[in-house]
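This briefing is meant to be read with the sequence and the three-dimensional view side by side. Please look at the structure before going through the points, which are grouped by topic.

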Amino acid sequence: MNSNTKEIGKIGLYEDDSDAIENAIEVDNLTVYYQRVCALSNVSLRVKDREFLGIIGPNGGGKSTLLKAILGLVTPYSGDIRIFGKSPKKAHGIMGYVPQFTSFHRDFPISVEETVLMGRLSGKIPMFHKYTKEDIDITHTLMEKLEIYHLRNRQIGQLSGGQFQRALIARALTTRPRILLLDEPTASLDTEAKSHIYSILVELNQDMTIIMVTHDMGAISTHVESLACLNRELFYHGRSELSEDLINAIHGCPVDIIAHGTIPHRVLREHHGNGGTSHD
Ligand code: ADP
Ligand code: MG
């Protein structure tokens, strides 16, 4: 951002000077520990505005931790994270988050509509919050868009996996975010439910940055624009690297092996040196 833009921002011509920033997310030398476990080591990453980034890697590789760090939900040991130039805490409202399926108790006695509406709370306590007409209008519009409006009175435990994921996406969108972070949104869904989710994401990607953790290689070949392999350290592969050969090589290979870049074969560019910061 040049100094002119800042000046204009200050006198209020721009309501939000984040429009002037090309990168949606900038992560520099991020290290995260849980007690003595190092979950992320010196991770650097640039995600452009409206990029669709896939993140793959072995279980325990730090994928969920990276999303949580971007969201400001875990505190880094060191490093810096900027979301359209702001700290994660300040940028909280411009990010929508679809957590890993397994982190939900679906037997909780709550309806689909209530689940989606809760996205409007952003940290407030539901018991003491009265939803406004705007909250309800936004929720209904999103439920229609995601084809779950007719299910609004059902208890969330009575939804199929795909319907439930769509409810979680609707919930994440209620704050009208500019960035959507999804943690394995298609795990355990059948092919039809998966392609429904991807068609939604592709449409959302028209005016939103998307980061999706996935084990679904089919999605990477078809929908994802760039790829990060994360196994405590991160290696970024831009659009030009996602060639047909590479995608073919990824197909049918266990993700764990690919992400490590070790035996039995290495399909991605060698993971030496500065994988994380360059773009393409
Ligand atoms: P992934 O999503 O790639 O499976 P995670 O980010 O969940 O990986 O975990 C990365 C590492 O951090 C793992 O070793 C995991 O056991 C550890 N970890 C994750 N969350 C916690 C936590 N809340 N407390 C302690 N260790 C954790
Ligand atoms: Mg995870």
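The model is a predicted one, and the protein in it has 9 helices and 9 strands. Of its 280 residues, 37% count as buried, and among the contacts with a separation of 6 or more, 70% are accounted for by residues 24 or more positions apart.

**Confidence in the prediction**

- The average pLDDT of the protein is 82, and 74% of the residues score at least 70.
- Over residues 1-19 the pLDDT stays under 50, and for this stretch the model has 14 contacts beyond four places in sequence.
- Residues 251-267 also have a pLDDT that stays under 50, and the model has 30 contacts beyond four places in sequence for them.
- Where pLDDT is low, the predicted coordinates should not be read in detail.

**Helix α5 and its surroundings**

- Helix α5 covers residues 161-173, which makes 13 residues, and from its first C-alpha to its last it reaches 19 Å, close to the 18 Å expected at 1.5 Å a residue.
- Because 11 of the 13 residues of α5 are buried, the helix is largely enclosed by the rest of the structure.
- The buried residues of α5 include Gly-162, Phe-164, Gln-165, Arg-166 and Ala-167, and Leu-168, Ile-169, Ala-170 and Arg-171 are also among them.
- Gln-163 also has its place in helix α5, but this residue counts as partly exposed because it has 19 C-beta neighbours inside 10 Å, while a buried residue needs 20 or more.
- Leaving out residues up to four places away in sequence, Gln-163 touches Ile-148 and Leu-151.
- Gln-163 and Glu-147 are 16 residues apart along the chain, and their C-alpha atoms are separated by 8.3 Å.

**The largest nonpolar core**

- The largest nonpolar core has 65 residues, of which Ala-170, Leu-181 and Ala-228 touch the most other members.
- Helix α5 supplies the largest share of this core, with 7 residues.
- When residues up to four places away in sequence are not counted, Ala-170 touches Val-116, Leu-142, Met-143, Leu-146 and Ile-148.

**The shell around ligand 1**

- Which residues are around ligand 1? They are Tyr-34, Val-37, Ala-39, Gly-57, Asn-59, Gly-60, Gly-61, Gly-62, Lys-63, Ser-64 and Thr-65.
- By type, the residues of the shell divide into 3 nonpolar, 7 polar and 1 charged.

**Helix α2 and the residue after it**

- Helix α2 is mostly covered, since 9 of its 9 residues are buried.
- Those buried residues include Lys-63, Ser-64 and Thr-65, each of which is also found around ligand 1.
- Just after α2 comes Gly-72, which takes a positive phi of about 80°.

**Tyr-33 in strand β1**

- Tyr-33 is found in strand β1, which covers residues 23-34, and it is partly exposed, with 16 other C-beta atoms within 10 Å.
- Although Tyr-33 and Thr-65 are 32 residues apart in sequence, they are 9.7 Å apart in space, C-alpha to C-alpha.
- With its neighbours within four places in sequence left aside, Tyr-33 is in contact with Cys-38, Ala-39 and Tyr-77.

**Positive phi in residues other than glycine**

- Arg-50 is not a glycine, yet it has a positive phi of about 70°, and it is found in the loop between β2 and β3 (52-56).
- Glu-184, which lies in the loop between β6 and α6, has a phi near 50°, again a positive value in a residue other than glycine.
- Are these residues buried or partly exposed? Arg-50 is partly exposed because 15 other C-beta atoms lie within 10 Å, whereas Glu-184 is buried because it has 21 other C-beta atoms within 10 Å.

Notes:
Residues are numbered from 1 along each chain as its sequence is written. Chains are lettered from A and ligands numbered from 1 in the order in which they are written. This is a predicted model: local features need pLDDT of at least 70, side-chain atom pairs count only at pLDDT 80 or more; totals for chains, interfaces and linings use all residues. Helices (H or I, at least four residues) and strands (E, at least two) are DSSP runs, numbered from the N terminus. The expected span of a helix is 1.5 Å times one less than its number of residues. A residue is buried if 20 or more other C-beta atoms lie within 10 Å of its own, exposed if 12 or fewer, and partly exposed in between; C-beta atoms are placed from the backbone. pLDDT is the predictor's confidence in each residue, from 0 to 100. Two residues are in contact if their C-beta atoms, placed from the backbone, lie within 7 Å. A residue is near a molecule or strand if its C-beta atom, placed from the backbone, lies within 6 Å of it. Ala, Val, Leu, Ile, Met, Phe, Trp, Tyr, Cys and Pro count as nonpolar, Asp, Glu, Lys and Arg as charged, and the others, Gly among them, as polar. A nonpolar core is a set of buried Ala, Val, Leu, Ile, Met, Phe, Trp, Tyr and Cys residues joined through C-beta atoms within 7 Å.
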